[in-house]
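Please find below a short note for a colleague who is meeting this structure for the first time. The points are numbered so that each can be checked in turn.

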Amino acid sequence: MLKIAVFVSGRGSNLKAIINSIPHQLENVEVSAVISDKKDCPALDYAEGLGIKTLFVSEKDPQSINYESLIQILCGLKIDLIVLAGFLKKIPDEMIDNYPNKIINIHPALLPSFGGKGMYGMNVHKAVFEKSCQISGPTVHFVDKIYDNGKIIAQKAVDISDVKTPDEIAERVLKIEHILLPFVIKKISENKISIKNNRVYIAE
Ligand code: GRF
């Protein structure tokens, strides 16, 4: 069983896609905890409603736990993989050191373009639109200590040549995110993802 912790900050559609994939695609995966940097957000409410353990993490809010405690809790839960699904805060270096190649993120553009600090949510799609990109698409990558910099695991190109607004790009890319992220989690749960000569390979 692959025990995952999903980190969220907002709507939670990727979290839902993961949970909805469990019965037919991710039979060996358990969402053991959902963590948010926001006390109230739809993603956290959704997880709570399903009876999943939720945690609120922040360095400032007295009602939250801090990252040091979070690492201990995740260790106690024996979490195998951390999935950042729309989590807006930078993960502290200490957590990355504790989970080498065990933290993945979904980004709504084809990295290494349109990534880095400030490139999140609609900012990404607006930038893609303004550059007149003809394709976009999600990237799932390992998380290292630099924003959107870790090795790319999977990407899917989406034709956006006929879009009229950044919203349309967001909608098309999100649909594919909901397929790509569960796909990568499944491959990790099957031990089918490896790194050789600095490249990531996914076995059939
Ligand atoms: C997604 O587009 C994801 O790629 C990005 O933030 C958005 C989160 O959406 N990192 P949701 O909360 O999963 O609906």
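1. In which loop is the place of P112? P112 sits in the loop that runs between β5 (103-107) and α5 (122-130), where helices (H or I, at least four residues) and strands (E, at least two) are DSSP runs numbered from the N terminus. The peptide bond that joins L111 and P112 is cis, with an omega of about 10°.

2. A word on the basis of these remarks: this is a predicted model, in which local features need pLDDT of at least 70 and side-chain atom pairs count only at pLDDT 80 or more, while totals for chains, interfaces and linings use all residues. Residues are numbered from 1 along each chain as its sequence is written, and side-chain values use heavy atoms, with hydrogens and water left out.

3. The loop between β5 and α5 also holds F114, a residue other than glycine whose phi is positive, near 55°. F114 counts as partly exposed because its relative accessibility is 21%; here buried means under 20% relative accessible area, exposed over 50%, and partly exposed in between (1.4 Å probe, protein chains only).

4. D148, in the loop between β7 (139-142) and β8 (152-155), likewise has a positive phi, of about 55°, although it is not a glycine. With a relative accessibility of 17%, D148 counts as buried.

5. Helix α3 (residues 67-76) has Y67, L70, I71 and L74 as its buried residues. Seen down the axis of α3, these fall within an arc of 100°, so they line one face of the helix; the arc is that of the directions from the helix axis to the C-beta atoms. The face turned away from that buried side carries the exposed residues E68, Q72 and G76. The cover over the buried residues of α3 includes β1 (2-8), β2 (29-36), β3 (53-56), β4 (81-84) and α4 (93-98), contact being heavy atoms within 4.5 Å.

6. The ligand has around it R11, G12, S13, N14, G86, I106, H107, P108 and E177, a residue being counted if one of its heavy atoms lies within 4 Å. An oxygen atom of the ligand lies 2.6 Å from a polar side-chain atom of R11, and an oxygen atom of the ligand is 2.8 Å from a polar backbone atom of G12. Taken alone, the ligand exposes 360 Å², of which the protein buries 87%; accessible areas come from the Shrake-Rupley method with a 1.4 Å probe.

Key. A polar contact is a pair of N or O atoms within 3.5 Å; within protein, one must be able to donate a hydrogen and the other to accept it, and residues adjacent in sequence count only if both atoms are side-chain atoms.
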